[in-house]
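Hello,

Here is the structure for you to take over. My notes on it follow below.

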Amino acid sequence: MKLLVTGGAGFIGSAFVRMAIARKDLRVINFDKLTYAGNLENLTEVQDNDRYRFVHGDICDQRLVDSILAEEKPDAIVHFAAESHVDRSILSPEPVIQTNIHGTFTLLESARRLATPRFVHVSTDEVYGSLEAPLEATEAYPLNASSPYSASKAASDLLARSYFVTYKLPVVITRASNNYGPHQFPEKLIPLMIANALEDRPLPVYGDGMQVRDWLFVDDHCRGILAVLEKGRDGEIYNIGGNRSLPNLDVVRKVLAITGKAESLIRYVTDRPGHDRRYALSSEKLMRETGWQPVTHFEEGLARTVEWYRNNPAWVARVRSGEYRTYYEKNYGNRDTQ
Ligand code: NAD
Ligand code: TYD
């Protein structure tokens with residue numbers, strides 16, 4: 001089976017590409033714009049494989065997307081490419097709307113014209129918005145997005161669904177909870193806290209730190225996407241959760257314990273505007289229909305993740321140079337310490 005993977009140089013996309021290439025029956029064309037979040041260093045172990053090809057391009061570029069699909073005729077598109085960070089979407093929504101909505105539309109149009117047999121649209125539990133405990137979102141839960149990022153993902157989910165309903169394009173949608181693991185850009189909670197802790201820098205906790213997220217190890221997510229690719233039913237949505245809900249403060253304390261750093265590094269800073277208090281979802285449908293389940297315990301996955309960042313200081317230093325500094329100053333520079 002030949003897959004066109006978009007955003008395969010990012011955190012989850014590159015884990016998926018490495019997993020797919022490890023399977024001898026899959027070929028991958030990785031289509032990526034290489035934004036600040038795209039990093040070919042994540043793919044050194046597959047770059048010379050003859051079942052792998054990299055194409056540098058923007059999913060908003062209809063002519064290029066059309067020509068690659070016409071040339072490669074993939075059996076499936078697995079669509080990861082996105083502007084994926086809530087804080088950046090608050091500071092600067094335009095590229096988020098452009099890539100996440102217009103880019104998804106462009107891909108769907110090409111897939112429709114070229115009759116691609118399967119389109120896996122990778123989405124997020126954030127489209128369900130904040131849920132009061134003990135509620136868990138099933139796939140039928142209403143969309144209630146709060147940030148420009150989650151609103152753009154909800155919009156792209158609806159577009160993807162419309163291409164199934166209207167044009168019978170064989171779309172499946174996945175909605176995963178918060179991912180963590182090696183190679184994650186250190187703007188998201190876990191890699192940022194690990195990278196800062198390893199360098200004895202302050203750990204900025206938004207608000208009271210009691211916001212709850214469900215944590216999913218990236219390889220468990222990728223196995224879930226493969227399960228949906230192979231066994232998911234056309235037009236359906238599948239939640240993919242880690243079954244491990246924790247308040248942010250607990251996560252930060254675990255990072256400090258594993259890195260051997262003191263809790264005095266924690267800084268409570270001004271909260272994120274519109275901050276969703278709690279995400280929670282049920283993955284019962286995916287488990288029932290495909291037999292998938294998450295296998296990595298959070299403490300084990302977190303220890304492996306810390307180990308990876310400890311062993312890859314050059315990767316961290318490179319991604320934190322340049323543009324990252326400007327972003328860091330913009331996002332954290334004006335936040336008061338509480
Ligand atoms: P990431 O930010 O690490 O990577 C995004 C990738 O997309 C990068 O390689 C980037 O270069 C590429 N890209 C961005 N704009 C592009 C464009 N216009 N054309 C082509 N390529 C472009 O993101 P991630 O964390 O790996 O997330 C991947 C997908 O999974 C996203 O769709 C995201 O919404 C979804 N998701 C992420 C999480 C999470 O916790 N990170 C959870 C659930 C769902
Ligand atoms: P994040 O990793 O950005 O994922 P998302 O907002 O998409 O869930 O943030 C996870 C949680 O951690 C969220 O409640 C915001 C919080 N957070 C902080 O407290 N400090 C930080 O510096 C960051 C990046 C996030």
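**Cysteines**

Cys60 has a relative accessibility of 18%, so it counts as buried, the cut-off being under 20%. This is a predicted model, and the values here are computed from it. Cys222 is buried as well, with a relative accessibility of 0%. As for disulfides, the count is zero, where a pair of cysteine sulfur atoms would have to lie within 2.5 Å.

**The seven-stranded sheet**

Seven strands make up an open sheet with parallel pairing, and their order is S3-S2-S1-S4-S5-S6-S10. At the edges are strand S3 (52–56) and strand S10 (237–240); each has a single partner strand, so one side of each has no neighbour in the sheet. From one strand to the next, the twist averages 20°.

Within this sheet, strand S4 (residues 76–79) pairs with strand S5 (residues 119–124) in the parallel sense, over three bridges. Ile77 stands opposite Phe119 in S5. Helix H1 (residues 11–22) lies across strand S1 (2–6), strand S2 (27–32), S3 and S4, and runs at about 170° to S1.

**The three-stranded sheet**

Another open sheet has three strands in the order S7-S9-S11, with mixed pairing. Its edge strands are strand S7 (178–180) and S11, each of which pairs on one side only. On average, neighbouring strands of this sheet are turned by 50° against each other, direction ignored. S7 and S9 pair in the parallel sense over three bridges, and Asn178 stands opposite Trp215 in S9.

**Helix H8**

H8 lies across S9 and S11 and runs at about 85° to S11. Does its length agree or disagree with what its number of residues predicts? Helix H8 has 12 residues (248–259), which at 1.5 Å a residue should span 16 Å; the end C-alpha atoms are 17 Å apart, so the two agree.

Which residues of H8 are buried? They are Asn248, Leu249, Val251, Val252, Val255, Leu256 and Thr259. These residues cover an arc of only 160° around the axis, and therefore lie on the same side of H8. What covers them includes helix H6 (189–198) and helix H10 (298–311), along with strand S8 (203–206), strand S9 (212–217), strand S11 (245–247) and strand S12 (266–269). After H8 comes Gly260, which has a positive phi, near 75°.

Regards

Key:
Residues numbered from 1 in each chain as written. Chains lettered and ligands numbered in written order. Predicted model: local features only at pLDDT ≥ 70, side-chain atom pairs only at ≥ 80, totals over all residues. Heavy atoms only, no water. Helix = DSSP H or I, 4+ residues; strand = E, 2+ residues; numbered from the N terminus. Expected span 1.5 Å × (residues − 1). Buried < 20%, exposed > 50% of the residue type's maximum accessible area, 1.4 Å probe, protein only. Arc of directions from axis to C-beta. Contact = heavy atoms within 4.5 Å. Pairing = 2+ DSSP bridges. Axes fitted to C-alpha atoms, helices over the stretch in contact; angles between N-to-C directions.
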